[in-house]
Amino acid sequence: MESIVRYPMVAALAAAMALSLLCGIPALGQDEGGTPSARAGETPATPFIKDGKVDVNAVVDHFENLYRADSSISTAQLTVTKPNRTKTMTLKSWTHGEEKALIVIQSPPREEGIATLMVEDNLWNYFPRIDRTIRIPPSMMQSSWMGTDFTNDDLVRETSFKEDYTYELVERTADPNGWLVRFIAKPATVGVWERFDLIVTPDARLPIEAKYFDRRDRHARTLYWDQVKVFDGRRIPSHMTLIPQDEDKEGHKTEMDYLDIDFNADVPERMFSLSELEQKH
Amino acid sequence: MRHTTAHIAWRNLGRNKRRTLLALGAIALGQLTLVFVNCMMAGSYGQMLRTVTGPLIGHVQIHQRDWREERAMDLTIDHVSQVEAEILALPDVQAVSSRIYAPVLAASGQKTEEPADAEPAVVIGVNVAAEASENGMLYGVEPNELPQGQSVLLGRVLANRLGVEKGRQLAVIGQDIDGFPATNLYTIGGIIDSGLDIVSNRGIVMAIGPARTLFAMPDRAHEIIVHGSDYRQAETLAQQIEQLPGLADAEVLPWRQVVPELARMIEMKSWIDLVFLAIVFIAAAAGIANTAMMSTFERTHEFGMLLALGTAPRRIVAMVIVESVILGLVGVALGSVVGTTLVVVTSHTGINYAALAGSDADAIAYAGLNISYVIHPQFEVRHVILGVMAVTITSVLASTWPALLGARLEPVEAMRS
């Protein structure tokens, strides 16, 4: 009866993005939402465009810094679609730095109060129904987080665009309108992704979509970002969709909608402790 | 006349007692080996078969097509109650029981300061009434310990690892069929030792109803186990089940296909039976041929005399053959009596062949099954009959040539020798 758990397609980088979005960190475009959206083929003037081309180093630096954030408090709606069932959960998250986060499910009633604490590489889940906190063992890191298409590993894995990947600007894309930047894992990088193709907006400030390829170069998942909104003075996509490309994951989808993000909120470090985890419900 | 021939033949056997006893011994030993070894193997394989076709595998298993490979929660058989009813309506079906297997984390339900150390476990949701019967996973469990509602049975090894005991609370943390969190607290109604590894090592045995509620899978199951009236008819039963409309998408396997290696081992047994039968044949043939040959040569003079006196050559042939048959029958009877006695005695005491080999293990684990090292030989009369037949045939065949030699002697020449 070995390996009873079927591990879902794993995710490393989506991870970082997911977490950053989940926690409301992204600071893509600090210019308070002033940039007019570019028309197809037009190349807007931004700090990331040089001589009509994306300055890929500047963009990656910019993206790299997206994940360097202070503290935040956010509320999001998570919609998980399965072939025969859809579940919508409301999450409240607190973050502190890059390595500490607390997520509490606020609805629906069946999941209310379930909380996840992340401190560095460790992950604990608290379940009010049994009033127990469980540390997620390494063997479960590739399992789904709360039934979503994200894995536990997605939440804790730290990935650095600069250190873990080599990257290049591939081309200007028409559909969707933007720039394609390809990231290829360095040989020494540990993780489940061989490469990912990221398409950014024509001004190179916001992500549009990313296709992830696993170690066997199979297209395993796609992430989409849209519905740009201004939260706490920052312009970011408020809606993110993750679609696993696995054959047996047909009809599966996880969507995240930000309802509110408070950047640089005062989040004390002591929030990220096991005792707080059990009291947050 | 026949009576006289038999009498003379019997007397002749007494003429060289040592040679007769040696031949008797060889034949008896052959028969003893045949009876004892084959009955011991019958006992051992019977036990193996009972373990195999009993609780874990049953006679026929039904799964969703990919389940055996992937063991994913959502690979289920749907509308189980209807499917079960259809199977039960088939002729020769004795029991049908459905199971759910769900990977979870388990922890002691006692609240502790530190987060719980969770152990990987498997919730096995079972039809308690069916599993408590003779062929079931829960056979032998005290009735008041049987899973019911929020009361569960915990595998011995898992219980030790979690440091919990009967009567304590158990926290189960898993995912329902869609992957959403599924958690609950249960009472440990008992600790179970089982011949099934999965039950002893990781099992949380729960009634299927509460398990279905926990994992949000009403009227679905991962496995249906069917017991017919005879395990040898499993293939036929599987074919009938395959035809059922509700199982178009399912994989229906007779036990032989679930554990092909074991099935092959069990089939090999009939060949091993033959090997021992051959040994008896050879022992009898050698012993009898030798005895008949020697006594014929020794009695050349005597046969010549008999022939000269007008004894029909046919009668000499008959005499030599009857001599051999008596020798064979006495030998085989001796062997049968001793062999049967040994089988009967050891079938009560059991033979622990691990202990014979100096080991203190009491079971061998194979394919998730614990098969006991203690063998209870099982007396099967066919081995005795086969041995008797083999010896009778051999004694006739082996003595024919010496008999013919004796009958064809030229009386004058024979008397001169």
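User: How many residues of chain B are in contact with chain A?

Analyst: In this predicted model, 25 residues of chain B are in contact with 25 residues of chain A. On the side of chain B that touches chain A, the elements giving two or more residues are strand E2 (93-108), strand E3 (119-126), strand E5 (169-175) and strand E6 (181-192) of chain B.

User: How do the residues on that side of chain B divide by class?

Analyst: The side of chain B that touches chain A has 16 nonpolar, five polar and four charged residues.

User: Which domains does the assignment give for chain B?

Analyst: Domain 1 of chain B covers 2-52 + 262-416, and domain 2 covers 58-257. Taken over C-alpha atoms, the centres of these two domains of chain B are 51 Å apart.

User: What describes two packed helices?

Analyst: Two packed helices are described by the angle between their axes and by the distance between those axes. In chain B, the axes of helix H13 (residues 313-349) and helix H15 (residues 381-407) come within 8 Å and cross at roughly 155 degrees. Angles over 145 degrees count as roughly antiparallel, and H13(B) and H15(B) are therefore roughly antiparallel to each other. Their crossing is right-handed. The contact of H13(B) with H15(B) has 18 nonpolar, twelve polar and no charged residues.

User: What is the secondary structure of chain A, and what percentage of its residues are buried?

Analyst: Chain A has five helices and 15 strands. Of the 281 residues in chain A, 43% are buried. Among contacts in chain A with a separation of 6 or more, 53% are between residues 24 or more positions apart.

Terms used
Residues numbered from 1 in each chain as written. Chains lettered and ligands numbered in written order. Predicted model: local features only at pLDDT ≥ 70, side-chain atom pairs only at ≥ 80, totals over all residues. Domains from an automatic or database assignment. Axes fitted to C-alpha atoms, helices over the stretch in contact; angles between N-to-C directions. Helix = DSSP H or I, 4+ residues; strand = E, 2+ residues; numbered from the N terminus. Parallel < 35°, antiparallel > 145°, perpendicular 65-115°, else oblique. Left-handed = near helix turned anticlockwise from the far one by under 90°. Nonpolar A, V, L, I, M, F, W, Y, C, P; charged D, E, K, R; others polar. Contact = placed C-beta atoms within 7 Å. Buried ≥ 20, exposed ≤ 12 C-beta atoms within 10 Å, placed from the backbone.
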